[in-house]
Amino acid sequence: MQSKRVRRVRPLFLLLFIALSLDLPLSAAPDAAEFHVPVEYYKLPNGLRVVLSPDHTAPTVCIGVYYRIGFRIEPKDRTGFAHLFEHMMFQGSRNLGKMEFIKLIQSNGGILNGSTRFDFTNYFEVVPSNKLETVLWAEADRMSGLAVTEENLKNQQGVVGNEVKVNVLNRPYGGFPWIDLPMAANTNWYNAHNFYGDLTDIESAKLDEVKKFFDTYYAPNNAALTIVGDFDPAEAKKFVEKYFGPIKPSQLPPQPDLSEPRQEAEKRITKTDPLAPRPALAIAYHMPERNTPEYYAMGLIEQMLIEGNDSLLYKELVQKRGLTDSIEGGINLLGNMFDYAGPMLLSADVRYDPTTSSDTVLAGMDAAINPLLEKPVDKQLLDRARVKARSSLYDTMTQFGGFGLMDLLSSFALFDDDPARVNSIVPSFDKVTPELIQKTAQDYLRPTNRTIVIVQPAPKNTAAAPAQKQ
């Protein structure tokens, strides 16, 4: 899932790339504050959040519908239901039969997909501009009249079960680290339950339970609709009102308490994986609260530590010590540092040779991380991190027919009631100082805020052993 091509972004991104490649002075790039995304935001009487961001660069539009029901905010006796409905939403609605939604988009030259994340489930389409009304009609049709039938439920219970078996149970590193880390690092059930690989509630789901889940969470007052691309806002508003306006809101339950207590001791878990060819290790640190100065400082720390072959961890573990060949990780393994709400982790993970001990890998990680705690970073490292953060942001926005920008706008509408926050991201990065980087590192990269998950290979004929806390 990637993002949008905005006319004013590409030249800036190229200049930033040249500055990085040639080590030119960063002042050679234009002022990042000049970048601006047009945003119009309003709500329908039924509570639907609507975001419009016109851009006439290409004759396409990206439409996204985001429902505020994700992996970690599903009810305790409905684990996996958010993921189940990602599939159910393609099984037909009042005016479209099974799989006809997909055929409708593809036959009109478009692409589509859906996904389940920590705090939302989303559906999107990229189509030629003249098909905007068609897509809005189709999205409203399944929001108001999804075919929740016994046949569709049984079918998708099997599909989801097979997906988990393929993606988690029968592949090397199946839940590592994207399931393992949240379960190990968090104490609040909502943040720590097995949101993907535990099929107990899905397999036992009854039709009336599934219908109630849909009627509650797949409602306009629990959703954001975003349109990005080549369209006329006045015309789009008429379409939105025509198709979504009549849909009734639901009685939403209160949002669950997602708060996590401050972690005061390092956590370490070791698990065996009979399919893993090599050991693996992941570390995670609890993040600062969203939208705070420290949050943006951690965004730059991510760039310094993890992103690219110039990152501190890559230089230390790959180039200097030769312990691994790559570093993976970042903020929010199911998305990016912007499209979530609630507690989150900054993580990094590596695979390494069986002859190397986990303590050796950790020592290398500490050698890269600890200097950030000991003194303010130098200006060159901080400036480079800002350039990388801007480049990453703009690259996301300018890819995949508008999805990336649409994802940001939808998330900010759903979680902050403020999609225009997209225009404050770069200025917020620019306010981060070396002193704030050090303070944030001291507060959040401390060993007592760290969780470690170690995967050890096991004989192929041995069942995977349960994780052991140390």
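Visitor: How much space lies in the second largest cavity?
Guide: About 50 Å³ of space lies in the second largest cavity of this predicted model, where a volume is the space filled by probe spheres set on grid points joined across faces, edges and corners. Residues are numbered from 1 along each chain as its sequence is written. Local features need pLDDT of at least 70, side-chain atom pairs count only at pLDDT 80 or more, totals for chains, interfaces and linings use all residues, and side-chain values use heavy atoms, with hydrogens and water left out.

Visitor: What makes a set of points a cavity, and what makes it a pocket?
Guide: On a 1 Å grid over the protein atoms alone, a 1.4 Å probe fits in a cavity but cannot get out, whereas a pocket is an open set with protein on both sides within 12 Å along at least five of seven lines; lining residues have an atom within 4 Å of a point. The structure holds two cavities of 30 Å³ or more.

Visitor: Which residues line the second largest cavity?
Guide: Its lining consists of Ile283, Ala284, Tyr285, Leu305, Ile306, Leu313, Leu346, Ser347, Ala348 and Ile369. Strands β8 (280-286) and β10 each give two or more of these residues, strands being DSSP runs of E with at least two residues and helices runs of H or I with at least four, numbered from the N terminus.

Visitor: What is the volume of the largest cavity, and which residues lie nearest its centre?
Guide: The largest cavity has a volume of about 170 Å³. Of its 18 lining residues, Phe118, Pro182, Asn186, Met344 and Leu345 lie nearest the centre. Two or more residues come from each of α6 (180-185), α7 (189-192) and β10 (345-351). The lining divides into 11 nonpolar, six polar and one charged.

Visitor: How much space lies in the largest pocket?
Guide: About 1,100 Å³ lies there. The pocket is lined by 43 residues, with Asn332, Leu333, Leu334, Gly335 and Asn336 nearest its centre. Helix α14 gives the largest share of the lining, five residues. By class, the lining has 16 nonpolar, 18 polar and nine charged residues.

Technical notes. Nonpolar A, V, L, I, M, F, W, Y, C, P; charged D, E, K, R; others polar.
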